[in-house]
Amino acid sequence: MTIRVGVIGTGVIGTDHAAKLQHQISGSTVSAVTDIDRARASQVAADLGGARVFGDGHELIASDEVDAVLITSIGETHAEFTLASLAAGKPVMCEKPLAPTTPECEQILDAEVALGRRLVIVGFMRRYDAGYRQVKASLDSGAVGDALILHNVHRDTGAPESFTDPMVLTDSMIHEIDVTRWLLGEEIVSVQIIPPKRTRHAFAHLQDPQFAAFHTESGILSTAEFLANGTYGYDVRCELVGSDGTASLLNPTLANEVTGGVARTVVPADWRARFSGAYAAELQAWIGGLERGEIVGPSAWEGYAATRVTELGIEAIRSGQRVVIDYVDKPALYR
Ligand code: NAD
Ligand code: ISE
């Protein structure tokens, strides 16, 4: 059985995911695409070898030619298309964030609970990265003892001028928030934002770098340093400090160059190169699950919980205070 996927939003990651679904993932084909930039959607459809181009996301979701929906449009559109997919009874993978605000996420939780079965997964792909999985395995096996501190670093090579302080949380640090929750297996209960000195490459309107401190239920401290205009190469790090040892990501190298008596390590240029394997693994897990009639991937609850932390993180930027985080009750569907 081949799962026919419809892709809403053919920007950078939509194009990347669509190519993987069409050429690399076993069991899927891309049958439909749409984007408010119709020319871009048509180009992607042609590159894929003839996917159908729809006028908007709702027409695509309703189509008989679409078995499952992939939402890779901008964050503000995610709730609308996720809710429409649930109303149509179709499985949907929504890129992060599930939605930028918790009222929207709660609407999605309510709709899925009313349906009585899970259909939504969220694109938290770091859970599929081999390095992060190894760090988690070190913790789960007991090798490093009790988790005490998680240090996270996330340096982008450049952001568009439209990037804002709230987006540092909703678009970028949301990965560290999800890693913290997933790796440690605990909810985050507080957030504090401690802005460092700005880089000379920062936009006038953006606090760059930004720094956050999260505490989990049992008191583990998770820190996140984020740099939007890093300029020197994509750099993601994670070190778990335990009572009996540490476990860290090794920054994957693309090549090791030796010239003139000097060895140079070539690092990934951006997230596409760094997490290519993780994107493929998350898409394969999703499609493989659908083939078996299962929904495999981070749930709408995981999407809600991460957005709750980003929302109160934005409040913490404004107040400069440590903000305590509360959540709605977790529905039985997600326990
Ligand atoms: P992008 O700007 O390159 O692409 C977004 C696309 O959505 C654009 O082509 C835009 O025209 C389209 N769009 C906007 N409104 C639409 C609508 N109503 N209907 C259909 N299309 C619409 O952005 P991107 O970098 O590809 O990011 C897209 C989403 O994926 C964001 O939510 C982002 O946070 C997420 N993302 C996730 C990762 C990851 O590592 N998991 C990486 C990059 C982006
Ligand atoms: C982007 O949207 C992503 O999700 C990338 O993984 C992240 O590194 C980047 O900061 C975001 O803007």
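How many nonpolar, polar and charged residues does the lining of the largest pocket have? It has 18 nonpolar, 20 polar and twelve charged ones. This is a predicted model, where local features need pLDDT of at least 70 and side-chain atom pairs count only at pLDDT 80 or more, while totals for chains, interfaces and linings use all residues. Residues are numbered from 1 along each chain as its sequence is written, chains are lettered from A and ligands numbered from 1 in the order written, and side-chain values use heavy atoms, without hydrogens or water.

**View 1. Here is the largest pocket, with a volume of about 1400 Å³.** A pocket is an open set of points on a 1 Å grid over the protein atoms alone, where a 1.4 Å probe fits, with protein on both sides within 12 Å along at least five of seven lines; lining residues have an atom within 4 Å of a point. The volume is the space filled by probe spheres set on the points, which are joined across faces, edges and corners. Of its 50 lining residues, those closest to the centre include Ile-13 and Asp-171.

**View 2. Now look at what surrounds ligand 2.**

**View 3. Zoom in on the polar contacts of ligand 2 (N or O pairs within 3.5 Å).** Polar side-chain atoms of His-154 and Ser-172 each lie 2.7 Å from an oxygen atom of ligand 2. For Tyr-234, the distance from a polar side-chain atom to a ligand 2 oxygen is 2.6 Å.

Definitions and conventions. Near = heavy atom within 4 Å. Polar contact = N/O pair within 3.5 Å; in protein donor to acceptor, adjacent residues only side chain to side chain. Nonpolar A, V, L, I, M, F, W, Y, C, P; charged D, E, K, R; others polar.
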